[in-house]
Structures are given as structure tokens and as C-alpha cells.
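Subject: Handing over a structure

Hi,

Here is the structure I promised to pass on. Have a look at it first, and then read my notes below.

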Amino acid sequence: MATASCAVLSFRNNLGLTKPSELGFVTSQLGGIRISNCTKLPTPITASPFPTPLHIIARRVCPFTGKKANRANRVSFSNHKTKKLQFVNLQYKRIWWEAGNRYVKLRLSTKALKTIEKNGLDAVAKKAGIDLRKK
């Protein structure tokens, strides 16, 4: 490394340059790595003070019944077991809401749909603690 810095110094002295920045590159203290001193360097990416918003991903959980994915085994012919998820049968449905006199679009499981048909939307939403006025 001493020979490389001597070569740079002798080259600088022959050209009459005193600063490394005039030469066009800088020799780093970290093992002699040359860092370019060009004017057309890409601008560094700076982090904004506000993080970029993440996309909202709807979870695969029924808000009315609380049903969610079940861990199960996939069993092969040789009885080899590997883990898999059994997801809930969620459906987007427009349901008529009598108290609000309008349709409400909900994402619910088929089990919740059967329960709503049996007991009514208001009773099931009240039991689950869901406010239908917001939706």
C-alpha cells in the first residue's frame, strides 16, 4: 500500500497538483480504495420524514364469527405429513340492512352468512361488536 500512495504522490507532484480532489479521485484510508470525485454522481437517496404508506391487506378472518385459517397436515400416499393452511371461505356480499335502509357490503364467511339469514344482521353485528354505520 505504501508503493501505491508513493506512486499517486509522485504523479501529483509531476502534474503540480496539491489536493487529491484536483486529481479527480480520492484515495480512501480504508485499504486504498479509489473514490471518484466526478460532478455527475447520482444523488443519494434520502429517507423522507414521512414513511411511504403500506398497502392495506385484508386479513383472512371473518369479522362476525372470528374464524381464521386452520393449521393442518397435507398427507401424501406414503403418509408423509407436511404443514398447510386451510383458509376460511370468505365472500364479499351486499346485504340489505333494515335499520340503515341501505345495502352494506361485507366480507364474511359462509357460516356467518347462514347465521345472518337465521338471526338477522343487526343481532349478529351487535353480538360481534361491529358498527354497521361506519361501513
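**What I found**

The protein chain has four helices and six strands (helices are DSSP runs of H or I with at least four residues, strands are runs of E with at least two, and both are numbered from the N terminus). Starting at the N terminus, the order of the elements is α-α-β-β-β-β-β-β-α-α.

Before the details, two notes on how to read the values. This is a predicted model, where local features need pLDDT of at least 70 and side-chain atom pairs count only at pLDDT 80 or more, while totals for chains, interfaces and linings use all residues. Residues are numbered from 1 along each chain as its sequence is written, and side-chain values use heavy atoms, with hydrogens and water left out.

Of the chain's 135 residues, 18% count as buried (buried means under 20% relative accessible area, exposed over 50% and partly exposed in between, with a 1.4 Å probe and protein chains only). As for contacts (heavy atoms within 4.5 Å), take those in the protein chain with a separation of 6 or more: 32% of them come from residues 24 or more positions apart.

Now the helices. The axes of α3 (residues 110-119) and α4 (residues 121-128) come within 7 Å and cross at roughly 120 degrees. Axes here are lines fitted to C-alpha atoms, for helices over the stretch in contact, and angles run from 0 to 180 degrees between N-to-C directions. That makes α3 and α4 oblique to each other (under 35 degrees is roughly parallel, over 145 roughly antiparallel, 65 to 115 roughly perpendicular, and the rest oblique). On the α3 side the contact is made by T115, I116 and N119, and on the α4 side by L121, A123 and V124. Sorted by type, the residues of this contact are four nonpolar, two polar and no charged (Ala, Val, Leu, Ile, Met, Phe, Trp, Tyr, Cys and Pro count as nonpolar, Asp, Glu, Lys and Arg as charged, and the others, Gly among them, as polar).

Next, the rings. There is one aromatic pair in the structure (rings of Phe, Tyr and Trp, the last by its six-membered ring, pair if their centres lie within 6.5 Å; planes under 30 degrees apart are stacked, over 60 edge-to-face, the rest tilted). W96 and Y103 have ring centres 5.1 Å apart and planes at 75 degrees, so the pair is edge-to-face. W96 is partly exposed at 36% relative accessibility, and Y103 is partly exposed at 44%.

Y103 also has R94 over its face, 4.1 Å from the ring centre. Elsewhere, the charged end of R60 sits over the ring of F87, 4.0 Å from its centre. For this, NZ of Lys or CZ of Arg must be within 6 Å of the ring centre and within 35 degrees of the ring normal.

Is S109 buried or exposed? S109, in strand β6 (residues 102-109), is buried, with a relative accessible area of 2%. Leaving aside neighbours within four places in sequence, S109 is in contact with C62, T65, K67, V88, N89 and L90.

K68 sits in the loop between β2 (34-36) and β3 (70-75) and is exposed at 57%.

Finally, N101, in the loop between β5 (90-97) and β6, has a positive phi of about 55 degrees although it is not a glycine.

Cheers
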